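Please work through the following exercises with the sequence and the structure in view. Each task is followed by a worked solution.

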Amino acid sequence: MQVAETTSDKNILAQALDVLGSAQIAQLNLVGAGETTNREVAVAEQAADPTAPYYAYLNRSDVYLKLAEQCDYNTSFDS
């Protein structure tokens with residue numbers, strides 16, 4: 001990440017954030033993944049690659065899905 005941040009090429013930075021976000025999602029580090037994917041979306045909008053925003057929003061949706069999967073809708077509380 002540190003090397004990718006030094007370049008002015010937004011495509012490279014978007015790809016680096018994509019890989020980092022995917023790794024954080026796989027590790028269920030959803031707070032970190034949320035921050036990374038939010039940053040990826042912002043960078044992807046400036047990238048020349050037309051698929052960069054697609055993958056950024058795909059990662060963001062994966063974070064939301066993993067968060068939703070952790071919800072428990074059981075409303076009966078047994079003692």
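**Exercise 1. The overall fold**

How many helices and how many strands are there in the chain?

*Solution.* The model is a predicted one.
Step 1: The count gives four helices and zero strands.
Step 2: Read from the N terminus on, the order of the elements is α-α-α-α.
Step 3: The chain has 79 residues, of which 28% count as buried.
Step 4: For contacts between residues at least 6 apart in sequence, 48% join residues at least 24 apart.

**Exercise 2. The pair α2 and α4**

Determine whether α2 and α4 are roughly parallel or roughly antiparallel, and describe their contact.

*Solution.* Two packed helices are described by the angle between their axes and the distance between the axes.
Step 1: Helix α2 covers residues 10-26 and helix α4 covers residues 52-69; their axes lie 10 Å apart at an angle of about 15 degrees.
Step 2: Angles under 35 degrees count as roughly parallel, and α2 and α4 are therefore roughly parallel to each other.
Step 3: The crossing in which α2 passes α4 is left-handed.
Step 4: On the side of α2, the contact is made by Ala14, Asp18, Ser22 and Ile25, and on the side of α4 by Ala52, Tyr55, Asn59, Asp62, Val63 and Lys66.
Step 5: Sorted by class, the contact of α2 with α4 has five nonpolar, two polar and three charged residues.

**Exercise 3. The pair α3 and α4**

Carry out the analysis for α3 and α4: what are the angle and the distance of their axes?

*Solution.* 
Step 1: The axes of α3 and α4 cross at roughly 160 degrees and come within 9 Å.
Step 2: Angles over 145 degrees count as roughly antiparallel, so α3 and α4 are roughly antiparallel to each other.
Step 3: The crossing of α3 with α4 is left-handed.
Step 4: From α3, the residues Leu30, Ala33, Gly34, Thr37, Asn38, Glu40, Val41 and Ala44 take part; in α4 they meet Ala52, Pro53, Tyr55, Ala56, Tyr57, Asn59, Arg60, Val63, Lys66 and Leu67.
Step 5: The residues of the contact of α3 with α4 comprise 11 nonpolar, four polar and three charged.

**Exercise 4. A residue in a loop**

Where is Leu28 placed, and does Leu28 count as buried or exposed?

*Solution.* 
Step 1: Leu28 is in the loop between α2 and α3, the latter being residues 30-44.
Step 2: Exposed means over 50% relative accessible area; Leu28 has 51% and therefore counts as exposed.
Step 3: Although Leu28 is not a glycine, its phi is positive, at about 60 degrees.

How values were computed. Residues are numbered from 1 along each chain as its sequence is written. This is a predicted model: local features need pLDDT of at least 70, side-chain atom pairs count only at pLDDT 80 or more; totals for chains, interfaces and linings use all residues. Side-chain values use heavy atoms; hydrogens and water are left out. Axes are lines fitted to C-alpha atoms, for helices over the stretch in contact, and angles run from 0 to 180 degrees between N-to-C directions. Helices (H or I, at least four residues) and strands (E, at least two) are DSSP runs, numbered from the N terminus. Angles under 35 degrees count as roughly parallel, over 145 as roughly antiparallel, 65 to 115 as roughly perpendicular and the rest as oblique. A crossing is left-handed if the near helix is turned anticlockwise from the far one by less than a right angle, and right-handed if clockwise. Contact means heavy atoms within 4.5 Å. Ala, Val, Leu, Ile, Met, Phe, Trp, Tyr, Cys and Pro count as nonpolar, Asp, Glu, Lys and Arg as charged, and the others, Gly among them, as polar. Buried means under 20% relative accessible area, exposed over 50%, partly exposed in between (1.4 Å probe, protein chains only).
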